[in-house]
Amino acid sequence: RHSHRFIISFMESKLKPKEIPKIAKNELQLEIVTRAYEFLYYFILDHEKNSMEITKKANIRMFTSHIGTALHMPALKLLKELVDDNNEANEMIKDSVIKKLVQELGENQPYDRLILNVKFLKVMVESDLGV
């Protein structure tokens, strides 16, 4: 029942910004963190109550701090699901995050990363418009 709290506590303790480059170089650690993100993604997928449970400023700050790092894809996938139909989470996303994602669209990035950036931005716009 409370396994998501364990996962978030694990992520908070292990994923300090200065640790991300080290994790990126260690395939096993990167896989573990990616699976933690995947767990949270499925925990909130189509479960509004679960989504609201992890909609906390500290969590959003941690997830968004992984954008632009080796954890970009799993973090953004989770955030995309989290802000979908969740105005509270949407309002916690800083403008600097949006700006970083838009800037990446003009950079030479992997196709799947650019597509996920666009999907996230689309969800943010739709949420802002109430669509």
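Trainee: Where is Ala 89 placed?

Mentor: Ala 89 sits in helix 7, residues 87-92. Keep in mind that this is a predicted model.

Trainee: Is Ala 89 buried or exposed?

Mentor: Buried. Its relative accessibility is 0%. The cut-off for buried is under 20%, so Ala 89 qualifies.

Trainee: What is Ala 89 in contact with, leaving aside neighbours within four places in sequence?

Mentor: Thr 55, Ile 60, Leu 82 and Val 83.

Trainee: And how far is Ala 89 from Met 124 in space?

Mentor: The C-alpha to C-alpha distance is 10.0 Å. In sequence, Ala 89 and Met 124 are 35 residues apart.

Trainee: Switching to rings. How many aromatic pairs does the structure hold?

Mentor: Three. One of them is Phe 39 with Phe 43, and that pair is stacked. The centres are 6.2 Å apart, with 15 degrees between the planes.

Trainee: Where do Phe 39 and Phe 43 lie?

Mentor: Both are in helix 3, residues 27-44. They are four residues apart, about one turn of the helix.

Trainee: Why is the pair of Tyr 41 and Tyr 42 edge-to-face?

Mentor: Because their planes stand at 80 degrees, and over 60 counts as edge-to-face. The ring centres are 5.0 Å apart.

Trainee: Stay with Tyr 41. What lies over its face?

Mentor: Lys 77, at 4.4 Å from the ring centre. Tyr 41 itself counts as buried, at 14% relative accessibility.

Trainee: Which helices each supply at least two residues of its lining?

Mentor: Helix 5 (57-65) and helix 8 (95-105). Helix 5 gives the most, with five residues.

Trainee: Which residues line that pocket?

Mentor: Among them are Lys 57, Ile 60, Arg 61, Thr 64 and Ser 65. Met 92, Ile 93, Lys 94, Ser 96, Val 97 and Lys 100 are also in the lining, as is Ile 67.

Trainee: How many of the lining residues are nonpolar, polar and charged?

Mentor: Five are nonpolar, three polar and four charged. Lys 57 and Arg 61 are among the lining residues, and Lys and Arg count as charged.

How values were computed:
Residues numbered from 1 in each chain as written. Predicted model: local features only at pLDDT ≥ 70, side-chain atom pairs only at ≥ 80, totals over all residues. Heavy atoms only, no water. Buried < 20%, exposed > 50% of the residue type's maximum accessible area, 1.4 Å probe, protein only. Contact = heavy atoms within 4.5 Å. Phe/Tyr/Trp six-rings, centres within 6.5 Å; stacked < 30°, edge-to-face > 60°. Lys NZ or Arg CZ within 6 Å of the ring centre and 35° of its normal. 1 Å grid on protein atoms, 1.4 Å probe; cavity = no way out; pocket = protein on both sides within 12 Å on 5 of 7 lines; lining within 4 Å.
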